[in-house]
Amino acid sequence: MGKNTFGKTMPRALSQNLKIMGEQIMLARKRRHLSMQDIADRATVTRLTVSKVEHGDPTVSMGIYARVLFALNLENDITRSEVTSMLAYRLIHRRIGHQCPTLCKREIHA
């Protein structure tokens, strides 16, 4: 029996978001005038892994993405994205006149 391929196909929107995130990481690195090797050394990964992160490779672990963000002093942006998403979620529900589910009623600390 062949390998199970369930879950190997990435939804297009998610793939695009990973690429955008990778591009933003690359721009942050370049704005700081750092090389891929500088980030690799700080994040204790290889330069190839940093390249994969900057290209939005979905096979790179979330922990590696977090370490690269930490190497760029952007580790707090991980939680900011949740706050932004939650605020957008609330706004959408208010605009369409629906009551927010329990999830969007939880406390947000920005």
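Modeller: The accessible surface of the protein chain comes to about 8,400 Å², with 57% of that belonging to carbon and sulfur atoms. Such areas come from the Shrake-Rupley method with a 1.4 Å probe. This is a predicted model, where local features need pLDDT of at least 70, side-chain atom pairs count only at pLDDT 80 or more, and totals for chains, interfaces and linings use all residues. Residues are numbered from 1 along each chain, and side-chain values use heavy atoms, without hydrogens and water.

Biologist: What pattern does the protein chain follow?

Modeller: The pattern is α-α-α-α-α-α. There are six helices and zero strands. Helices (H or I, at least four residues) and strands (E, at least two) are DSSP runs, numbered from the N terminus.

Biologist: Which residues of helix 2 are called buried?

Modeller: M36, I39, A40 and A43. Buried means under 20% relative accessible area (1.4 Å probe, protein chains only).

Biologist: Why are they said to line one face of helix 2?

Modeller: Seen down the axis, they fall within an arc of 100 degrees, so they line one face. The arc is taken from the directions from the helix axis to the C-beta atoms.

Biologist: Why are helix 2 and helix 4 called roughly perpendicular?

Modeller: Their axes cross at roughly 110 degrees. Angles of 65 to 115 degrees count as roughly perpendicular. Helix 2 and helix 4 are therefore roughly perpendicular to each other. Axes are lines fitted to C-alpha atoms over the stretch in contact, with angles from 0 to 180 degrees between N-to-C directions.

Biologist: Which residues make the contact?

Modeller: I39, R42 and A43 of helix 2 meet R67, V68 and A71 of helix 4. Contact means heavy atoms within 4.5 Å.

Technical notes. Buried < 20%, exposed > 50% of the residue type's maximum accessible area, 1.4 Å probe, protein only. Parallel < 35°, antiparallel > 145°, perpendicular 65-115°, else oblique.
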